[in-house]
Amino acid sequence: MLRILLILLFPVVAFGQYVPEDDINADVAFEQPFFLSVRAGVSAPVEDYGRSSVSDSDPGFANTGYYVVGQFETYWENGLGLFAGVRYNQNPFNESDFGKASLSVNPGFELLSSQSDPIRDIMGEAGIAVRKKLSSNLYFVTRLGMGVFQNTYPGQRIRLENQQGEYIVQSNESQASSEYWTAGIDLHYGLSESVKLVLNTAYVSGNAEHKEVPQRTTEVATGRQATTRYDIENKLRLFNGGVGIMFLF
């Protein structure tokens with residue numbers, strides 16, 4: 001149902017740009033044709049997603065990273081509008097704390113090293129926005145949207161040692177897709193007739209379920225291996241804050 005809603009929103013946004021001028025009355029006319037913006041900033045994990053202690057109920061081991069967004073938006077004269085965008089998000093994986101946490105399930109071992117790639121997300125979203133004019137060149141905007149994202153959960157490589165020998169525990173990178181929602185607040189400041197500076201914030205929330213992720217344990221001395229599989233629920237919870245530039249078309 002969500003995917004159908006998102007598909008329907010895009011033609012609505014596009015149609016608003018091509019209605020003949022003579023057919024638009026004052027009640028429904030767009031104040032501006034449309035805006036296209038690029039935004040970037042800090043992506044901070046919140047709630048359990050940013051925790052990395054074994055004492056936490058569901059640590060996400062995500063560190064502060066960055067995001068980049070390309071966004072299209074348009075508004076009616078009453079301030080109500082529509083937006084659609086593509087978001088790339090990346091958060092470093094807290095490999096050090098993850099390695100230490102692995103010792104809690106492997107008593108008697110010593111951690112030699114822990115390595116991991118970052119957590120990555122590609123996201124597409126659409127929704128509604130409300131714009132209020134604060135002054136001649138300053139607007140306050142609130143947004144609420146939903147979308148679909150692909151979450152890439154990185155593989156980890158841990159080297160452990162005990163009295164019997166040295167071991168490498170390695171899991172594979174995994175990808176999963178799911179829905180998410182986002183809410184945000186922007187300030188748009190006019191630098192000229194066609195260019196605006198954007199200060200933006202957003203909260204992003206979604207769950208990606210990775211099924212049957214393989215994990216291989218190798219005994220270094222003999223090369224013997226054992227493989228297990230486990231499920232991961234990556235509970236994405238992010239606060240984004242940054243700046244951007246917006247162009248009027």
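Q: Which element gives the largest share of the lining of the largest pocket?
A: Heads-up: this is a predicted model, where local features need pLDDT of at least 70 and side-chain atom pairs pLDDT 80 or more, while totals for chains, interfaces and linings use all residues. Numbering runs from 1 along each chain as its sequence is written, and side-chain values use heavy atoms, without hydrogens or water. Strands are DSSP runs of E, at least two residues, and helices runs of H or I, at least four, numbered from the N terminus. With 6 residues, the top contributor is β11.

Q: Which elements give two or more residues to that lining?
A: The largest pocket has 26 lining residues (an atom within 4 Å of a point on a 1 Å grid; a pocket is an open set with protein on both sides within 12 Å along at least five of seven lines). Pro59, Phe61, Phe98, Tyr153 and Tyr230 lie nearest its centre. The elements giving two or more are α2 (95-104), β7 (156-162), β8 (165-171) and β11 (225-248).

Q: How many residues of the largest pocket's lining are nonpolar?
A: Nonpolar here covers Ala, Val, Leu, Ile, Met, Phe, Trp, Tyr, Cys and Pro; Asp, Glu, Lys and Arg are charged, and the others, Gly among them, polar. The lining has 5 charged and 8 polar residues. The nonpolar count is 13.

Q: What is the volume of the largest cavity?
A: Arg39, Val69, Gln71, Arg87, Arg143, Asn200 and Ala202 line the largest cavity, with β2 (65-76) and β10 (195-219) each supplying at least two of its lining residues. By class, that lining has 3 charged, 2 polar and 2 nonpolar residues. Counted as space filled by probe spheres on grid points joined across faces, edges and corners, the largest cavity's volume is about 30 Å³.

How values were computed
1 Å grid on protein atoms, 1.4 Å probe; cavity = no way out; pocket = protein on both sides within 12 Å on 5 of 7 lines; lining within 4 Å.
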